[in-house]
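Here is a briefing on one chain. Please read it alongside the sequence and the model.

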Amino acid sequence: MTMRPGASPAPRARPFRARPPMATAAAFAVLAVTTAFSGGAWAGTEVSPQPLQPCRVEGVPTEVLCGSIQRPLDPDRPGGVRIDVRYVVVPALARNKLPDPVLLLAGGPGQSAIALTASVMPRLSRLNYRRDLVFIDQRGTGRSAPLACPDNDSRSLDELLKPGAKVRLLEQCRDALKQLPYGDLRFFTTTIAMQDMDAVRAALRVERWNLVGASYGTRAALEYQRQFPDRVRRSVIDGVAPPDMVLPVTFSQDSQRALDAVFAACAADAACAARFPGLQSEWHALLKSLPRKVSFTHPLTGRPEDATLTREGLLGLVRPPLYAPSVAAALPAALHEASSGRFDALAGLASQLGGGSRAMRIFEGMHFSVVCAEDAPRIAASTETPSPDFGTLDRDLYARVCSAWPRGEVPPAFYTMPPAKAPVLLTSGGNDPATPERHGQRVKVALGDQARHVVVGAAGHGVALTLPCLRDVLFRFIDAPRDADALQVDASCAKGVPRPPAFLPPTPAAMAAAASAARESAR
């Protein structure tokens with residue numbers, strides 16, 4: 001789960017009018033609004049679908065189809081304020097396509113699914129040969145009643161790192177969002193959003209579809225199949241965030257485990273251990289030295305800046321690289337540099353995951369509307385022990401923000417996970433700082449015999465769409481004609497995924513030797 005500030009509107013799906021629609025897209029549009037499957041998926045459904053139209057989505061080289069439905073902001077007031085829920089359909093390539101599309105449920109909470117289309121399409125290309133792909137902007141994201149806070153990336157680091165800065169900026173954003181025509185922030189819960197998703201399914205006249213959810217999208221998938229179990233053929237939930245997981249609390253222990261794994265991997269690697277023999281001691285000394293004035297080169301503007309670095313600020317720089325082991329591999333070198341007062345490498349690593357990518361931005365208004373309704377009320381009752389390094393920073397931040405955030409009603413059943421009626425593939429990364437295997441295993445037990453849990457010990461946050469080996473497992477799980485075959489799909493490749501070795505910057509002696517060798521070869 002991505003839980004960090006900084007949201008901006010996602011790329012828009014643009015109507016395509018430069019030339020007539022391609023024949024294949026036009027034919028699909030007609031089929032999508034005229035073909036009905038058995039079981040009465042359309043009967044009694046109150047939606048206002050707009051016909052699918054050929055359109056373009058940023059980053060996608062080919063034409064896709066865009067649609068929208070109108071939904072009541074408050075489900076109990078169907079005649080009140082209504083919002084548009086936007087979606088994109090990527091038509092199957094084959095003529096004899098299968099009737100069960102694949103629905104992507106985005107993470108965050110607060111990501112736009114449509115903004116992820118360009119990056120996800122290649123990873124689901126094998127499924128897309130015979131199945132449509134569907135991307136729905138969940139209410140509060142993208143162009144579905146967006147709850148976007150101002151982009152703060154260009155603000156000075158000193159301003160962003162000051163104590164209380166996050167809370168003040170979020171309070172300003174909350175007050176501005178409440179002025180929107182759809183600004184009642186109580187109605188952006190996962191439960192209501194999944195009812196929107198099912199309304200889109202009905203509008204597309206789909207009897208059942210396959211769910212692929214990542215991070216917060218796994219919580220969304222679990223809630224969808226709780227409410228609409230007969231509408232799910234298969235589910236893949238990657239980086240499992242169950243509904244009973246108190247996010248601002250569990251982050252402390254899970255981040256600590258991921259950071260400790262970085263230190264352990266360096267100690268076990270002879271080259272890393274020789275280069276950074278006192279790495280963990282340097283880290284603890286660095287924590288004890290805060291707060292203090294430090295110098296940065298701003299990772300986006302490139303300007304040198306002085307800022308007061310607090311413990312909260314340092315941990316905020318360390319956590320993002322933990323999500324991806326390939327980025328975390330550079331943490332030993334960056335932390336060693338920071339212990340000597342040089343923080344540019346650490347700041348640069350922190351900006352790698354999603355930095356500058358509009359597809360990865362979080363719609364913070366939606367994010368806090370979800371977390372404040374579903375997690376915050378359970379913070380006080382949590383018995384999970386804070387970790388030594390990360391402590392209660394997340395718990396304290398969310399408790400403060402959520403104390404004044406409009407809070408939606410969450411039905412008690414939301415926190416339950418009934419046994420699955422259709423096969424579910426759960427995937428977890430052993431070094432995930434947000435949703436490690438302990439959460440996935442609990443969900444697997446609750447879902448019962450129809451669930452299978454695959455753990456990639458060396459992986460971080462997200463494996464099913466990231467690692468080629470697991471993408472193949474995902475394809476074969478969904479593509480298997482029989483449920484029994486899906487649950488028995490071979491996932492042994494997960495055991496062979498290695499942890500990336502620590503990045504060791506070249507030493508001055510090595511650089512001099514390389515330069516000398518280059519001069520010799522040029523003679």
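**Briefing**

Glu337 is partly exposed, with a relative accessible area of 28%; partly exposed means between the limits for buried (under 20% relative accessible area) and exposed (over 50%), using a 1.4 Å probe and protein chains only. Its salt-bridge partner, Arg342, is partly exposed too, at 44%. This is a predicted model: local features need pLDDT of at least 70, side-chain atom pairs count only at pLDDT 80 or more, and totals for chains, interfaces and linings use all residues. Residues are numbered from 1 along each chain as its sequence is written, and side-chain values use heavy atoms, leaving out hydrogens and water.

**Overall**

- The chain has 20 helices and 12 strands. Both are DSSP runs numbered from the N terminus: helices are H or I with at least four residues, strands are E with at least two.
- Of the 523 residues in the chain, 54% are buried.
- The accessible surface comes to about 21,700 Å². Carbon and sulfur atoms hold 55% of that surface. The areas come from the Shrake-Rupley method with a 1.4 Å probe, and for residues only the protein chains shown count as cover.
- Take the contacts (heavy atoms within 4.5 Å) between residues at least 6 apart in sequence. Of these, 78% join residues at least 24 apart.

**Nonpolar cores**

- A nonpolar core is a set of buried Ala, Val, Leu, Ile, Met, Phe, Trp, Tyr and Cys residues joined through side-chain atoms within 4.5 Å.
- The largest such core has 68 residues. Tyr87 and Ile136 have the most contacts inside it.
- Helix α6 (residues 190–203) gives this core its largest share, seven residues.
- A second, separate core has 42 residues, including Cys55, Val57, Val88 and Val120.

**Helices**

- Expected helix span is 1.5 Å times one less than the number of residues.
- Helix α5 (residues 165–177) has 13 residues and reaches 18 Å between its first and last C-alpha, close to the expected 18 Å.
- Buried residues of α5 are Ala165, Val167, Leu170, Cys173, Arg174 and Leu177. Their cover includes α4 (157–161), α15 (364–374) and α16 (393–402).
- Helix α7 (residues 216–227) has 12 residues, so it should span 16 Å; its end C-alpha atoms are 17 Å apart, which agrees.
- α7 is mostly covered, with 10 of its 12 residues buried. Among them are Arg219, Glu223 and Gln225.
- Helix α8 (residues 247–268) has 22 residues, so it should span 32 Å; the 31 Å between its end C-alpha atoms agrees.
- α8 is also mostly covered: 16 of its 22 residues are buried.

**Salt bridges**

- Side chains of opposite charge can pair when their charged atoms come close.
- The rule here is a side-chain nitrogen of Lys or Arg within 4 Å of a carboxyl oxygen of Asp or Glu. It gives 26 salt bridges.
- Asp100 pairs with Arg131, with the closest N and O atoms 2.6 Å apart. Asp100 lies in the loop between β4 (82–90) and β5 (102–105), and Arg131 in the loop between α3 (125–128) and β6 (133–136). The pair links distant parts of the chain, 31 residues apart.
- Asp100 and Arg131 are both buried.
- Arg201 bridges to Asp198, with the closest N and O atoms 2.7 Å apart. Both residues are buried. They are three residues apart in helix α6, so about one helical turn separates them.
- Glu337 meets Arg342 at 2.8 Å, N to O.
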